[in-house]
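Here's a quick briefing to read with the model open in your viewer. Start with the ground rule for one kind of contact, then work through the topics in any order you like.

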Amino acid sequence: MSANPFIVSAIVFAFVFGGALLGMLLSRVLPKHHLSDESRNLMNLGVGLIGTMAVLVLGLLTASAKDFFDTKNNELTEMSAKTVMVDRLLAHYGPETKEIRQMLAQAVHTTLRLVWSETGSNPDALAPSTTKAEIIFDKVQELVPKSSLQSSLQTQAVNLLIDIGETRWLMFEQGVGSISIPFLVVMVFWLMIIFVSFGLFIPSTGTVTATLFFWSLSVSSAIFLILEMYRPFEGLIRISSAPLRAALMHLGQ
């Protein structure tokens with residue numbers, strides 16, 4: 001799901017809090033025998049079962065989103081480290097690689113400027129083609145080694161550039177994760193049932209309504225955080241650019 005997390009969480013809040021209000025309304029219009037102790041006990045059993053399933057599903061969604069976010073963060077750190085290694089290998093190769101090293105630093109700077117811009121992120125900048133990464137690869141390939149040491153350094157640099165390219169394309173293709181819509185719909189339906197049951201058997205007071213409001217807000221906030229972690233390069237919860245900025249500081253030295 002690539003929808004705006006604010007919109008999705010607002011819809012979740014509307015359904016959940018709306019369920020609570022519906023329950024409070026039903027408690028006023030239903031005949032008293034529908035709200036007997038036997039009915040309450042039976043409903044508590046059912047709601048307890050649904051609540052357990054909802055907690056498990058919500059925990060699963062949170063763990064999956066966190067794993068996705070951490071994977072992207074680790075990929076960025078790994079790519080940053082390999083970029084520095086390429087620069088060091090080229091530095092040991094000789095002065096003829098100066099232009100390539102400058103291009104490598106410029107590619108990192110361009111990525112930082114586009115992906116972590118203060119005016120708005122652009123995850124499409126993760127594509128290697130946006131920073132002329134393929135040109136850098138070609139120029140390294142075109143180097144003519146004059147010794148076995150330079151040949152070894154060139155081979156290692158090429159292999160690292162291939163790894164960096166694969167990582168960048170992987171991050172680009174998987175830049176935005178997703179949640180199964182039926183999965184999310186079913187969970188929201190469960191939550192709505194739970195809040196309907198809350199409204200059925202509690203007094204309709206201002207304090208109770210406010211409490212249900214904040215409970216609903218908490219649930220929708222959890223959905224918001226999950227969706228935000230599936231957008232690691234944009235939104236409020238973004239991957240830190242620190243590894244790439246640290247790498248940039250060491251390039252060209």
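A salt bridge here is a side-chain nitrogen of Lys or Arg within 4 Å of a carboxyl oxygen of Asp or Glu. By this rule the chain has seven salt bridges. Keep in mind that this is a predicted model. The secondary structure amounts to eight helices and zero strands.

**Overall make-up**

- Reading from the N terminus, the elements go α-α-α-α-α-α-α-α.
- The chain has 253 residues, and 41% of them count as buried.
- If you take the contacts with a separation of 6 or more, 81% of them come from residues 24 or more positions apart.

**Salt bridges**

- K82 and D163 pair up through their side chains, at 3.6 Å from N to O. K82 sits in helix α2 and D163 in helix α5 (residues 148–173), so this pair ties together parts that are 81 residues apart in sequence.
- Are the two partners buried or exposed, or something in between? K82 counts as buried because its relative accessibility is 19%, and the cut-off for buried is under 20%. D163, at 28% relative accessibility, counts as partly exposed.
- R88 and D87 form another salt bridge, with 3.7 Å from N to O. R88 is partly exposed, at a relative accessible area of 29%, while D87 is buried, at 0%.
- Salt bridges with shared partners also join E78, K82 and D163 into one network.
- R231 and E228 meet in a salt bridge too, with an N to O distance of 3.0 Å. Both of these residues are buried.

**Helix α2 against helix α6**

- Helix α2 (residues 37–93) packs with helix α6 (residues 181–200) at an angle of about 145°, and their axes are 9 Å apart.
- The crossing of α2 past α6 is left-handed.
- Which residues make the contact? On the α2 side they are M43, V47, I50, G51, M53, A54, V57, L58, L60 and L61. On the α6 side they are F183, M187, W190, L191, I193, I194, S197 and L200.

**L104 and its surroundings**

- L104 belongs to helix α3 (residues 98–115), and it is buried, with a relative accessible area of 6%.
- Leaving aside residues up to four places away in sequence, L104 touches T83, V86, D87, I136 and L251. D87 turns up here as well as in the salt bridge with R88.
- L104 and V86 are 18 residues apart in sequence, and their C-alpha atoms are 8.9 Å apart in space.

**W116 in its loop**

- Look for W116 in the loop between α3 and α4 (133–142). W116 is buried, with a relative accessible area of 9%.
- Not counting residues up to four places away in sequence, W116 touches L76, T111, F233, R238, I239, S240, S241, L244 and R245.
- How many residues separate W116 and S240 in sequence? They are 124 residues apart, and the C-alpha to C-alpha distance is 8.6 Å.

**L248 in helix α8**

- L248 is placed in helix α8 (residues 242–250). With 25% relative accessibility, L248 counts as partly exposed.
- Setting aside residues up to four places away in sequence, L248 touches A105, V108, H109 and L112.
- L248 and A105 lie 143 residues apart in sequence, yet 6.4 Å apart in space, C-alpha to C-alpha.

- F6, I7, I11, F15 and L236 make a nonpolar surface patch of about 540 Å².
- One of these residues, I11, lies in helix α1 (residues 5–29).
- I11 counts as partly exposed because its relative accessibility is 44%. Membership of a patch calls for over 30% relative accessible area.

Methods
Residues numbered from 1 in each chain as written. Predicted model: local features only at pLDDT ≥ 70, side-chain atom pairs only at ≥ 80, totals over all residues. Heavy atoms only, no water. Patch = residues over 30% accessible without salt bridge, like charges linked within 9 Å, V, L, I, M, F, W, Y side chains within 5 Å. Areas by Shrake-Rupley, 256 points an atom, 1.4 Å probe, with all protein chains shown as cover. Helix = DSSP H or I, 4+ residues; strand = E, 2+ residues; numbered from the N terminus. Buried < 20%, exposed > 50% of the residue type's maximum accessible area, 1.4 Å probe, protein only. Axes fitted to C-alpha atoms, helices over the stretch in contact; angles between N-to-C directions. Left-handed = near helix turned anticlockwise from the far one by under 90°. Contact = heavy atoms within 4.5 Å.
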